[in-house]
Amino acid sequence: MLPPSYKEEIESLENIDEIQEIRIRIGRPLEVVRRHVPLFLPPVGTREAIDQIVGRATHFSVYRFQDDIKKGFLTVKGGHRIGLSGEAVATGEKISNIEPVSFLNIRVAREARVRQQAWMETLLSKRRLLNTVIVGPPYSGKTTILRQLTKWLSDDRSAGFKVSMIDERSELAACYQGLPQLDVGKRTDVLDRCPKSEGISLMIRSMSPEVIVVDEVDGEEDTMALKRAIGAGVSVLCTTHADDWEGLEYRLGSLFPYMERFVFLPRLNQNHRSLVIYQNTYEEVKRVDLL
Amino acid sequence: MMSSIGSLLILSVTTFFGFGIANNYEKRPKYLREWKYVLSVMETEIIHGHSSIEHVCAKISTQKIRLSSFFASIKETLLGERNFSLVWEKALSTHETSFYLQEEDLEILKQLGQVLGKYSIREHQKHFSLTQHHLEEQYQQAVKETEQYRKMARGLGVLSGCLIVLLLI
């Protein structure tokens, strides 16, 4: 996907498996972020390079990814996400396109960071998943933990749960032509690229799930749909962006009282290395060291 | 005896050339009509089916039409490439001699290659209708030219044969 000159520079680096981001900006040097430390490499970003990357990422069919582009990202094979920025074309209050694209941020999908899985049992009660939200700032690994939890719920138990995953941004299962590229468990059904609110209702009607999994809950439509799922007797497992309880209550709105477990993740850095699970009485249930 | 066989031979050769030239005139509108058909397939697949360019090329390459080899070559080379318009242009220049098209016809197709896949569905709709419009104009012009020159080429083939025979006698 990357132009040859970029590829050569990146491949010549040590520990390339630690790369978190590759940032390309027109007229500025290539930026590679490893363990939150930026490194600037000689190739300067060009319009041609960005067009080529977007072309490859969309299989030369930008029109198929217009909804994603409007939201500012593309998901490619392997679950990696390309963030886009440049000149936004607005129709009324809403963005209808980003054209031309002048800034790219390729976020590399990471492997699971959690060493032990015993903590996951704390999310269960009487063979039922307690409604759980994974909370953390950007870059805390929410999606990775969510994927790992989904796989565990679907696979590792004696019977496993019937899980329905609504993967609006193709980031959880990284579906390619409708097939998950990442392992999300043997009893997991995936609805790819569907808006969460519509997808939740559709999956409840069609797939009779025991657990609904969604990423990045934001806005009333999402929370209302999740409340409907809980009302229908389906457990909810989701993530949301927040740094603290206040931010979390704001994000979840009226859904907040229905949640039973809160998994707080710290931002990825050297000083904080554990996730903390709370129950709905704000009491700490467990603290788990991360890798 | 020999002279009549020779005369017949000359007449046959010039007539054959005349018909050959006339046949070439007929090929251009045929190819333009086929391009118009292919564009309508592409438009349907992209606008209504939201199919990828790769899928569209693969689909057209399996059809029993003259242009299938052009789309097959695009499909084959697309995998490792980074720029679709370059692939399109390269395929056009490889196939242009077998298309019997004129420079203006090829220019219209090149311009289409520069926008394919790069924009929204709405933009594609505009580009397809513009390209169809230009190709229709070229097609009408090609039909007129064919009518005009086909008979002339055939006639000239026969007449030039007769002229040569007369001069030789």
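**Chain and domain interfaces**

Guide: Between chain B and chain A there are six residue pairs in polar contact, both residues at pLDDT 80 or more (a pair of N or O atoms within 3.5 Å; within protein, one must be able to donate a hydrogen and the other to accept it, and residues adjacent in sequence count only if both atoms are side-chain atoms). On the chain B side, α2 (53-61) and α6 (121-168) each supply at least two residues that touch chain A (helices, H or I, of at least four residues, and strands, E, of at least two, are DSSP runs numbered from the N terminus). This is a predicted model: local features need pLDDT of at least 70, side-chain atom pairs count only at pLDDT 80 or more, and totals for chains, interfaces and linings use all residues. Residues are numbered from 1 along each chain as its sequence is written, chains are lettered from A and ligands numbered from 1 in the order in which they are written, and side-chain values use heavy atoms, leaving out hydrogens and water.

The contact (heavy atoms within 4.5 Å) takes 20 residues from chain B and 14 residues from chain A. The count of salt bridges between the chains is zero (side-chain nitrogen of Lys or Arg within 4 Å of a carboxyl oxygen of Asp or Glu).

Within chain A, the assignment gives domain 1 (4-107) and domain 2 (118-289) (bounds from an automatic or database domain assignment). Their C-alpha centres lie 27 Å apart. Here 15 residues of domain 1 of chain A contact 13 residues of domain 2 of chain A, with three salt bridges across the interface. A:Glu168 pairs with A:Lys71 in a salt bridge, with closest N and O atoms 3.2 Å apart.
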